[in-house]
Amino acid sequence: MWKLLKIELFKIFKRPRTYIAFGAIAAIVFLIQVALKFDGKSYVDLLMSNLSGSFEFSDEFKDKLLNGYLICFVILNTLLIQMPLLVALIAGDSIAGEANMGTLRLSLTKPVSRTQYMLVKFAASVVYTLALLIWMAALALFGSMLIFGTNDMVVLRSEGIEQMKDFDVLWRYMAAFGYAAVALTTVSALAFLLSVFAENSIGPIIATMSIVIVLTILSEMNIPIYDKTIKPYLFTSHMVAWKGFFYVKADAEGTTINGSIENLPAVLRSLGILMAYIVLFFSTSVWVFRKKDILT
Amino acid sequence: MGSIIRVDRLTKHFRDIKAVEDLSFSVEEGQVYGFLGQNGAGKSTTIRMLLTLIQPTSGSIDIFGMNLQRHRKEILRQVGAIIERPDLYKYLTALENLRIFATMSGIKISEKKLMDQLAMVGLEQRANSKVKTYSQGMKQRLGIATALVHDPKLIILDEPTNGLDPQGIADIRNLILMLSSERNKTLLISSHLLSEIELIADSMLIIDKGKKLVEGRVNDLFDPAETVVELKTTNDEATFEKLSGSGFQEFVQERRNDCVLLKLHRNRIPEVLKELVRMEVNVISLHSKHSLEDYFLSLTTGQPHVEAPKN
């Protein structure tokens, strides 16, 4: 099994197209970091403008605000919307790409069971997703920490602001990246499932993105009838729950409680729903693939 | 010698399309077995069922005396195959492709052995070139190397000479003959070209519309000395009349298009020529055709060009 996984990873990382995603992430992160390095104050002013009616912020506070942690939060907010496309590029190609190249039929004449083949293929796309996230974490988090330094972190919400102490932030990012890995694996599993039905990779990639876009719009829409009937069951409604790690509890005086998460059960429930989707998508793809006649 | 492949009443339907119908045959150990049929006759579907790529609707397949469904892994460990085109990872080198398929076949193989395998198909100089830079013939040879990398007992090649130039076809033919005679492999080779199969196969099966038409040893199905002569003259009608009234009456088959067909032993051709000169027939051309080619066509197209030899 390990040998087969090594083969899959070798094939993925030998393809030039694999590095498009790494390049795209590096470019976006770099552009955001450069922009905020040279014009960060304008950005902070813009962020604060929504709250300025009820809060008064000193210049010193604004300077402290613009640190590596906030920059990473901004990047994560931007990139985690685009990441599903990058993940679908590889997962959507997993089976359909092999069918298109004609290598699927040769691979399946080897003494490897179809279930084993699917497990290895899926594991490889999960590893790719993780590699992409680690790359993003290295650039967005550690890169920003190096460029902008660290300080207490402030997150803006519609209800007000969340403030976390410097030492209380890094673990939250680790948890958020872990959660993002599960969220992106859900997209990967969907693209993987669609890949089983197709004979070229464009179809599953476009179909995955279309589904993600439609469901995201549904998740974001404020239509009361959908709020309790559909939204809680859409995986897209739970993909942004990583932000929950940055919402903290406060004591009676309104002071932030270090190490706390405002609504951990909600975050865990979202995590469970995403995991259930992964199991559903993957087991369906194995079930379909085991019965499929290979005609390409 | 025992049966390496035993197919019993194999059937595959794709909804309303009957791709293979009640097909039974067996391949003996050490044989080169030709699997013939026109394009769309059901050859590839049958081969895909032999390789578990397609699930049969009914019937059974035993390979090496084991049921294919129940012993898939054990069987495929000893089978090497190319199905239609030798599609490989074009962005990888020949050596990398070979290593991948060797690992998937469950064997550990040294770099030297991989290079030996490439040398066998004449690709050792291009071992580190990406497959996308290969010609069709080179891809085909690399495909054969990947099929043989784990030293299988049974080799299944589906249309192995498709898209190859004459030299490429000759190279593949020689390789097949070498595998059979020197390495004692059992080979099942499908083709729609009879001329190709008869040069290499011991036995053959001809199918059409998914059904078996005939199966047997090539020598039993066909007398190599028997030939069909296509005779073109300035007046075919008169020639046909004259020959039908001569001592060669029994050899005259029919008048077709712009020629007269005769079926006879090769040794009798000079006599026919003498007779034509004696009858003052103006011969434009005399072309000796392979009678098995006509036999094959008569079986698969349903048009009896010449009388089929009896089995």
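Visitor: Which residue stands opposite Asp62(B) in S5(B)?

Guide: This is a predicted model, in which local features need pLDDT of at least 70, side-chain atom pairs count only at pLDDT 80 or more, and totals for chains, interfaces and linings use all residues. Residues are numbered from 1 along each chain as its sequence is written, with chains lettered from A and ligands numbered from 1 in the order in which they are written. S4(B) and strand S5 (residues 66-67) of chain B run antiparallel and are joined by two bridges; strands (E, at least two residues) and helices (H or I, at least four) are DSSP runs, numbered from the N terminus. The residue opposite Asp62(B) in S5(B) is Asn67(B).

Visitor: What is the bridge partner of Val7(B) in S4(B)?

Guide: Strand S1 (residues 3-14) of chain B pairs with strand S4 (residues 58-63) of chain B in the antiparallel sense, over five bridges. Two strands pair if DSSP finds at least two bridges between them. In S4(B), Val7(B) has as its bridge partner Ile61(B).

Visitor: Which residue takes a positive phi in the hairpin of S4(B) and S5(B)?

Guide: The hairpin has two residues between the strands. The positive phi, near 55°, belongs to Phe64(B).

Visitor: How many residues does chain B bring to the contact, and which helix gives the most?

Guide: Residues are in contact if their C-beta atoms, placed from the backbone, lie within 7 Å. Chain A brings 19 residues and chain B brings 22 residues. Helix H2 (72-76) and helix H3 (94-104) of chain B each supply at least two residues of the side of chain B that touches chain A. With four residues, the helix that gives the most to that side is H3(B).

Visitor: Why do H2(A) and H7(A) count as roughly parallel to each other?

Guide: The axes of helix H2 (residues 18-49) of chain A and helix H7 (residues 114-148) of chain A come within 10 Å and cross at roughly 20°. Axes are lines fitted to C-alpha atoms, for helices over the stretch in contact, and angles run from 0 to 180 degrees between N-to-C directions. Angles under 35 degrees count as roughly parallel, over 145 as roughly antiparallel, 65 to 115 as roughly perpendicular and the rest as oblique. H2(A) and H7(A) are therefore roughly parallel.

Visitor: What percentage of the residues of chain B count as buried?

Guide: A residue is buried if 20 or more other C-beta atoms, placed from the backbone, lie within 10 Å of its own; 12 or fewer make it exposed, and in between it is partly exposed. Chain B has 311 residues, and the buried share is 42%.

Key. Two residues are in contact if their C-beta atoms, placed from the backbone, lie within 7 Å.
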